[in-house]
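Q: Hi! I'd like to go through this one with you, a bit at a time. Could you start with the charged pairs?

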Amino acid sequence: MTGEQVRWTTEQVLALAPDAASQRAGQKLGSPGTWSGTGRRGTALWGLCKGSGKTPYRTAVDLTEVGTVGFTCSCPSRKFPCKHGLGLLLVRSGDTDGTLVPEADEAPEWAQKWLDGRRRRAEKTAAPEPRAQPKDEAAARRRAERRASRVGEGAQELTRRLTDAVESGLAGAEHSGYQAWEHTAARMVDAQAPGLAARAGELGAVIGSGRGWPSAALAEMSLLHLLLRGLERVEELPPPLAATVRSRVGFSSETAAVVAEARQEGSLVRDHWLVVGSERATGGRVATRSTWLLGRESARWALVLDFTAPGTTGEAPMPVGASFEAEVAFHPGAAPLRVTVAERHGAPVPESPVPTGGAVGDALAAFGSAVAADPWVDAWPALLSSVVPVHAPAGDGDEGGGGAGGWQLADAAGGAAVPVKADESVLWRLLALSGGAPVTVFGRLGVTGFVPRTVWDAGRAVAL
């Protein structure tokens, strides 16, 4: 077993938790008194955690790579990582003198068996794949044509629905309510156009939703109309914009194909990527974890998406504040952001220096450029340096924006400011960490304001 084990910070460990309940449960198990038989060797650590039964739970963690942290536990939990894995890492994070999780000559048999299996799977994955059998190109082409036909029929139906809604007026749309658009969204799912289904559902949620909804509804209708027209003339569009339209409609690119094409074209981007933010959302039956990266040399933004189906665990999230060197392949689009990690190089760094961001005005300009390239962009990553949370004068802040009130992030040196869109718990944590002093903050900048995700406090990344 090789490799050097580096202690993670408490914030980085808690960022691995699948939900807030797991964070709280993991923190309760983060004291040495609940553990026995702890040890570490190389990149692995293990321990026994006392549970409600006679037999303690066996827990082990493998920190081989930032993005592929491995966990195993004999507890029945289906969460990944479970509270015991989080608790063990928290004990290790507080092990300043190396006595809580001591160095060992060898791992116990049960832990070593799991580690050996993990190494074998990693080697098998890294080995060259056997030559694939020739694909039935004709059958694949027929399937693609059938789907394109279904999507086209769905788009025509949605166009008629949108035209009827505009001709009948917004009062008629409000009378129809959300259910009519919910039915339309379901029809788009049947047409194998999940992107159109999502936008139809969003439009239904806006109609009659509160003060100012007519303007918001018209904006959504306009974007949906533009997307439908783009799909209608997709063959005439420049390739990057055509790829964006197809993606927005719901034609996804296979990650393996994206990487293979990037290798062939020589367009892989190698850089030291800093993990600046992470977010987990559940839509329907699939959970999506979004991880935002910032290239140290290229200064490019990148977004890694990890989709987890029910009953599966997926990969452990990359801890915020960590960095790693890797080649990534950008998915095609007019404003490319999503990437697939093609190959990692060297050992990851669990904690990196505070990144250098820009002023609010720079972030607004970057968001504007992204929207100019891709009109359906609703938010863009932004790293703000030397900004201070301030309370805006009456009438200048957010009216009912999820508890954020009139708070803004303003350039400490004077200049621009942007409204903060966050619930009260996130807002107050941001205010407490700032203490009125300038801070560096990462978040998503959209038309309604800035959603903070990470703040750097005393040189350490803290997830909000």
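This is a predicted model: local features need pLDDT of at least 70, side-chain atom pairs count only at pLDDT 80 or more; totals for chains, interfaces and linings use all residues.

Q: Good start. Which residue does Asp-374 meet in a salt bridge?
A: Its side chain meets that of Arg-248, with an N to O distance of 2.7 Å. The pair links distant parts of the chain, 126 residues apart. Asp-374 sits in the loop between helix H10 (360–373) and strand S10 (379–391), while Arg-248 belongs to helix H8 (residues 239–249).

Q: Is Asp-374 buried or exposed?
A: Asp-374 counts as buried, because its relative accessibility is 4%, under the 20% cut-off. Arg-248, at 29%, counts as partly exposed.

Q: Let's go to a pair within one helix. How far apart along helix H5 are Asp-190 and Arg-187?
A: They are three residues apart, which means about one helical turn separates them. An α-helix has 3.6 residues a turn, so residues three or four places apart point the same way. The side chains of Asp-190 and Arg-187 meet in a salt bridge at 4.0 Å, N to O.

Q: How accessible are Asp-190 and Arg-187?
A: Asp-190 has 42% relative accessibility and counts as partly exposed. Arg-187 is partly exposed too, at 33%.

Q: Which residues are linked in a network of salt bridges?
A: That would be Asp-62, Arg-118 and Arg-119.

Q: Staying with charge for a moment, which residues form a positive surface patch?
A: Four arginines form one: Arg-141, Arg-142, Arg-143 and Arg-146. Arg-143 is found in helix H5, which spans residues 137–190.

Q: New topic: helix H11. Which of its residues are buried?
A: In H11 (residues 424–434), the buried residues are Val-426, Leu-427, Leu-430, Leu-431 and Ser-434. They cover an arc of only 130° around the axis, so they lie on the same side of H11.

Q: What does the face turned away from that buried side carry?
A: The exposed residues Ser-425, Trp-428 and Ala-432 are on that face of H11.

Q: Now for contacts across the sequence. How far apart are Val-462 and Ala-15?
A: In sequence they are 447 residues apart, while in space their C-alpha atoms are separated by 8.8 Å. Val-462 is found in strand S15 (residues 460–463). Val-462 is also buried, with a relative accessible area of 4%.

Q: One last stop: where does Gly-204 lie?
A: Gly-204 lies in helix H6, residues 194–206. Gly-204 counts as buried because its relative accessible area is 2%.

Q: And what separates the C-alpha atoms of Gly-204 and His-183?
A: A distance of 9.8 Å, with the two residues 21 positions apart along the chain.

Note on methods:
Residues are numbered from 1 along each chain as its sequence is written. Side-chain values use heavy atoms; hydrogens and water are left out. Patches are made of residues with over 30% relative accessible area and no salt bridge: like charges are joined within 9 Å, nonpolar side chains (Val, Leu, Ile, Met, Phe, Trp, Tyr) within 5 Å. Accessible areas come from the Shrake-Rupley method with a 1.4 Å probe; for residues, only the protein chains shown count as cover. Lys and Arg count as positive and Asp and Glu as negative; His and the chain ends are not counted. The place of a charge is taken as NZ of Lys, CZ of Arg, CG of Asp or CD of Glu. Helices (H or I, at least four residues) and strands (E, at least two) are DSSP runs, numbered from the N terminus. Buried means under 20% relative accessible area, exposed over 50%, partly exposed in between (1.4 Å probe, protein chains only). The arc is that of the directions from the helix axis to the C-beta atoms.
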